[in-house]
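Me: I have a new model open in my viewer, and I would like to learn how to read it. Could you walk me through it one feature at a time?

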Amino acid sequence: MKTLAQIAAELQGYDPKALSVGDANAFLARLVQPVQGTETLPLFNALGRVLASDVVSPVSVPPHDNSAMDGYALAGAQLVPGQPLTLRPVGTALAGKAWAGTVATGECVKIMTGAIMPAGLDTVVPQEFTTTGADGHITIAADVLRPGDNRRFKGEDIREGSVALAQGEPLTPAALGLLASLGLPTVAVYRRLRVAYFSTGDEILSLGEAPREGAVYDSNRYTVFGLLTRLGAEVIDLGVVRDEPALLEAAFRQAARQADAIITSGGVSVGEADHTRTMMKQLGDVAFWRIAMRPGRPMAVGRLASDAPGGRNAVLFGLPGNPVAVMVTFLAFVRPALLRMMGSSHSPVPLMRATSTEALRKKPGRTEYQRGTVSTAPDGSLQVCTTGNQGSGVLSSMVQANGLIVLHHGQGDVAVGEAVDVMVFDGVV
Ligand SMILES: Nc1nc2c(c(=O)[nH]1)N[C@H]1C(S)=C(S)[C@@H](COP(=O)(O)OP(=O)(O)OC[C@H]3O[C@@H](n4cnc5c(N)ncnc54)[C@H](O)[C@@H]3O)O[C@H]1N2
Ligand code: MOO
């Protein structure tokens with residue numbers, strides 16, 4: 001395990017007081033590792049978990065050549081361009097049973113979707129492409145079918161012995177279905193990540209407390225809870241911790257004993273009354289960053305040692321207090337780092353291009369994230385507009401947004417009609 005100083009030495013031009021978003025992520029990728037520990041779960045309990053090892057398929061899917069349509073199976077070599085073809089049905093192949101008869105030239109077999117292709121037949125004509133004569137023969141109109149049409153091959157989805165899903169794959173609904181198609185009732189996954197969270201600040205009220213002058217209710221605890229739950233982590237909620245050294249020390253120690261990662265909000269800037277920074281420094285190997293971004297400039301990262309027997313280190317993310325800065329730093333840094341800790345090979349939320357319907361002011365030399373609504377323009381392309389007040393304490397414009405406009409480090413002002421990058425976070429946030 002590398003110390004922060006060792007990681008810093010590996011990164012060219014690392015300056016904790018002026019860090020680009022890219023450099024901050026490069027640092028975090030070196031700081032965090034996948035957790036040790038796996039478990040085997042029934043598929044119904046594995047949604048959202050991450051595969052701990054490659055799944056080699058014990059079977060081929062589909063297990064035999066079969067029909068993609070309800071219709072008639074035939075030998076495609078009989079089809080002649082420009083001519084209709086008349087065939088005599090000699091039997092029926094039902095799904096789940098092999099049809100045992102033989103088929104001569106001029107004959108066909110009625111077949112159901114999913115039924116095994118009878119030996120020697122390679123083409124299926126859908127029922128609706130045929131007409132049936134009084135003698136029971138079927139006729140296929142000219143040029144509606146080519147040899148090989150509507151046949152699904154054995155193993156065309158997955159071949160026996162191949163890697164069906166790779167280690168690190170997140171178990172989406174599609175991946176669960178795929179595992180089930182292999183006949184596997186259980187799956188080996190990484191254990192759930194345990195993430196502790198607490199809010200800091202003397203002005204922060206817990207829900208249920210009476211309002212008082214100068215105080216605000218703790219919103220970060222709830223947004224972080226939501227973000228972590230969406231990620232599939234187990235949340236260890238330590239509430240609000242007042243700015244007193246003994247209380248902060250107890251909270252950090254408890255968090256480090258129980259969690260793989262600790263997230264806090266508040267107290268990472270340069271304010272006078274903050275014991276949070278001091279305690280982080282005292283209990284761990286922690287760097288205080290000023291990131292060239294908006295919102296979310298100050299942030300602490302590092303490791304806190306656990307005093308539990310055999311205790312590991314917990315990774316620390318000290319997020320700024322402002323509610324939108326919490327969400328943006330979570331999306332930009334914490335989420336990718338936690339996914340890595342979960343063993344996930346998932347790539348970051350993809351950026352898309354959308355046309356800005358308004359002019360945006362932007363200072364080069366920092367990454368700016370603006371809350372926006374991405375929608376489909378009348379011509380079918382993507383467009384984006386901001387959701388109003390972009391103050392880093394303003395959550396209502398975050399609620400209205402379905403994405404972030406990402407204005408990159410070197411970028412300047414954006415004109416109306418100019419294309420910008422957007423990170424659509426529906427389903428993520
Ligand atoms: N002289 C400087 N002042 C500030 C700087 C700076 O670089 N130099 N950075 C500003 C930026 S940007 C941010 S962000 C904040 C971050 O400060 P802290 O992390 O120390 O956070 P606090 O001061 O504790 O709180 C900031 C703000 O957020 C509200 N807050 C905090 N926790 C919660 C919570 N759990 N729920 C709802 N709201 C919360 C708090 O009341 C403050 O309004 O520093 C700037 N200042
Ligand atoms: O990090 Mo602060 O986000 O700009 O309010």
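**Reading the model step by step**

Reply: Happy to. Keep in mind that this is a predicted model. Let's go from the whole chain down to single residues.

Me: What secondary structure elements does the protein chain have, and how many?

Reply: The protein chain holds eight helices and 26 strands.

Me: How does the radius of gyration of the protein chain stand against that of a compact globule?

Reply: A compact globule of 429 residues would come out near 22 Å, but the protein chain has 30 Å. Buried residues account for 37% of the 429 residues.

Me: Among contacts between residues at least 6 apart in sequence, what percentage join residues at least 24 apart?

Reply: In the protein chain that figure is 69%.

Me: How do I read a helix, then? Which residues of helix 2 are buried?

Reply: An α-helix has 3.6 residues a turn, so residues three or four places apart point the same way. In helix 2 (residues 21-31), the buried residues are V21, D23, A24, F27, L28 and L31. They lie on the same side of helix 2, because they cover an arc of only 165° around the axis.

Me: And in helix 3, which residues are buried and which are exposed?

Reply: Helix 3 (residues 173-181) buries A175, L178 and L179. Their arc around the axis is only 100°, so they sit on the same side of helix 3. P173, A174 and G177, on the other side, are exposed. The cover over the buried residues includes strand 2, strand 11 (163-165) and strand 12 (186-190). Just after helix 3, G183 takes a positive phi of about 85°.

Me: Speaking of phi, what is the phi of D143, and what is that of N150?

Reply: Here is the background: most residues other than glycine have a negative phi, and most peptide bonds are trans. D143 is not a glycine, yet its phi is positive, about 65°. N150, also a residue other than glycine, has a positive phi near 65°. D143 lies in the loop between strand 9 (138-140) and strand 10 (151-152), and N150 is found in the loop between strand 9 and strand 10 as well.

Me: Is each of them buried or exposed?

Reply: D143 is exposed, because its C-beta count within 10 Å is 12 others. N150 has 22 other C-beta atoms within 10 Å, so N150 is buried.

Me: Last topic: which residues surround the ligands?

Reply: Around ligand 2 you will find R294, P295, G296, R297, P298, P320, N322, A325 and S392. That shell divides into four nonpolar, three polar and two charged residues. Ligand 1 is surrounded by 25 residues, the closest being N220, G266, S269, P320 and G321. The ligand 1 shell has eight nonpolar, 13 polar and four charged residues.

Me: Where does P298 lie, and what does P298 touch?

Reply: P298 lies in strand 20. P298 counts as buried because 21 C-beta neighbours fall inside 10 Å. Not counting residues up to four places away in sequence, P298 touches V268, S269, W289, R290 and P320.

Note on methods. Residues are numbered from 1 along each chain as its sequence is written. Chains are lettered from A and ligands numbered from 1 in the order in which they are written. This is a predicted model: local features need pLDDT of at least 70, side-chain atom pairs count only at pLDDT 80 or more; totals for chains, interfaces and linings use all residues. Helices (H or I, at least four residues) and strands (E, at least two) are DSSP runs, numbered from the N terminus. A residue is buried if 20 or more other C-beta atoms lie within 10 Å of its own, exposed if 12 or fewer, and partly exposed in between; C-beta atoms are placed from the backbone. A residue is near a molecule or strand if its C-beta atom, placed from the backbone, lies within 6 Å of it. Ala, Val, Leu, Ile, Met, Phe, Trp, Tyr, Cys and Pro count as nonpolar, Asp, Glu, Lys and Arg as charged, and the others, Gly among them, as polar. The arc is that of the directions from the helix axis to the C-beta atoms. The radius of gyration is taken over C-alpha atoms; the globule rule is 2.2 Å times the number of residues to the power 0.38. Two residues are in contact if their C-beta atoms, placed from the backbone, lie within 7 Å.
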